[in-house]
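Please open the model in your viewer and keep the sequence panel beside it. The tour below moves from one selection to the next and says what is to be found at each stop.

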Amino acid sequence: MKKILFLTGTRADFGKIKSLISILDTNDSFEVFVFVTGMHLQKEYGYTVLEIEKCKFKNLYTFENQTHETTMDLTLAKTIEGFSSYCKTISPDLIVVHGDRVETLAGAIVGSLNNILVAHIEGGEISGTVDELIRHSVSKLSHIHFVSNKEAGKRLIQMGEIKSSIFTIGSPDIDIMFSDKLPNLETAKNYYQISYTNFAIVMFHPVTTEANEMKQYVENFIEALQKSTHNYVVIYPNNDLGSGYIIDCYKKLQNNPQFRIFPSLRFEYFLTLLKNAQFIIGNSSAGIREAPYYGIPIINIGTRQKNRVINADIINVDYSQKSIFEALQIVASHKVNPTETYFGTGNSATLFLEAIANKDFWNINHQKQFLGIFDTTN
């Protein structure tokens, strides 16, 4: 029986890997472990470890990695220490990490330096921020790549990764988006006491390379939202540098009937609300990935999603109040056809299981090789 260890540090990455964990947790060929850390254990961000516990996975382990000085380098160091200790306790055969968070980097470092196979979910993607540096670093530390599309796989090959170690499975959250397990709209609205008939989703995250400007950016954003006539379901940002400015602005809106503000939402409930929203506004990857699948209009603000796959129907604006407000004036008439399949068709978990159930998968070399783009031997 192979031991598979998943690492999750945020509500976003858990939404991405939940279907992968689920399909292995009920398979007798694998013993699944989930290392829970990061934002999941912060009360200010909704203490989302409770949502993971509701999934009733067999082996959960929690580790608080946040320091008083919540800089990314110190968080990285502390996560490496805790994750390394846990790996020595359970001796996993495979570590699975997702995306571009510092927790992801910690998992890849621990695995690669301890001769444990590391699989990276959604490598090979670009964004133009510090997140991209982390994502590519994780890819170079990983032995196996489960990518969301062929273009991401091509970038990994360009980075010297070997084609046989790359598996295209799509984005795993699409599995949940089109599952029969989503609550209906009435259930989701009642659960979160949302009374609006019509509403939009707000998700605005800090950009670490623009931390000094974030205070002004979020003030512009909030002023534009308040000037509009829409109702908003607002979700807290992630905990990167600059998030404090955003949360402080949101707290000032608590008594404004235009806004319902939440530290976090259960992923399935979030998807139901997104599916029924008038539009989504901010700079979340949900506007790049999930919203196009549901045909929901998107207002994408600023640089956080720069260079990522941009659907032609997305309204891209800068950080100025004027451009944001102008977008809010036209978004109601902006139509998006729900035909996006760039990130897969909802069978990521099945493709993932097929890959790791193949005995050849476990023969992938722990010693990484660099394949030059002019090398045709592999």
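How many bridges join β4 to strand β5 (residues 117-121), and in which sense do the two run? There are 5 bridges between β4 and β5, and the two strands run parallel. Before you select anything, note that this is a predicted model, in which local features need pLDDT of at least 70 and side-chain atom pairs count only at pLDDT 80 or more, while totals for chains, interfaces and linings use all residues. Residues are numbered from 1 along each chain as its sequence is written, and side-chain values use heavy atoms, with hydrogens and water left out. Helices (H or I, at least four residues) and strands (E, at least two) are DSSP runs, numbered from the N terminus, and two strands pair if DSSP finds at least two bridges between them.

**First stop: the sheet around β4**

Select the seven strands of the open sheet, whose order is β3-β2-β1-β4-β5-β6-β7 and whose pairing is parallel. Its edge strands are β3 (60-62) and β7 (166-168), each of which pairs on one side only. Neighbouring strands here are turned by 20° against each other on average, direction ignored, where axes are lines fitted to C-alpha atoms, for helices over the stretch in contact, and angles run from 0 to 180 degrees between N-to-C directions.

Because 5 of its 5 residues are buried, β4 is largely enclosed by the rest of the structure; buried means under 20% relative accessible area, exposed over 50% and partly exposed in between, with a 1.4 Å probe and protein chains only. In a regular strand the side chains alternate between the two faces of the sheet. Here L94, V96 and H98 point one way from β4, I95 and V97 point the other way, and all are buried.

On the β5 side, the bridge partner of V96 is A119. From β4 the chain crosses through helix α4 (residues 102-113) to β5, and this β-α-β crossover is right-handed, a term that applies if, with the strands pointing away from the viewer, the path from the first strand over the helix to the second runs clockwise.

Show α4 as well: this helix lies across β1, β4 and β5 and runs at about 160° to β4. Then follow β5 to strand β6 (residues 144-147), with which it pairs in the parallel sense over 3 bridges, A119 standing opposite I144 in β6. Helix α5 (residues 130-141) packs on the sheet and touches β4, β5 and β6, its direction making about 145° with that of β5.

**Second stop: the other open sheet**

Select next the 6 strands that form an open sheet in the order β10-β9-β8-β11-β12-β13, again with parallel pairing. β10 and β13 (315-317) are its edge strands, each pairing on one side only. Within this sheet β9 and β10 pair in the parallel sense over 4 bridges, and V234 stands opposite I261 in β10.

Centre the view on Q258, in the loop between α10 and β10, which counts as buried at 13% relative accessibility. Its side chain reaches the backbone oxygen of S228 at 3.0 Å and the backbone oxygen of H230 at 2.8 Å. Leaving aside neighbours within four places in sequence, the residues in contact with Q258 (heavy atoms within 4.5 Å) include Y196, L225 and Y232.

**Last stop: S323**

Finally, select S323 in helix α13 (residues 321-330), which is buried with a relative accessible area of 15%. A polar contact of 2.8 Å joins the side chains of S323 and S320; a polar contact is a pair of N or O atoms within 3.5 Å, where within protein one must be able to donate a hydrogen and the other to accept it, and residues adjacent in sequence count only if both atoms are side-chain atoms. Apart from neighbours within four places in sequence, S323 is in contact with V317 and D318.
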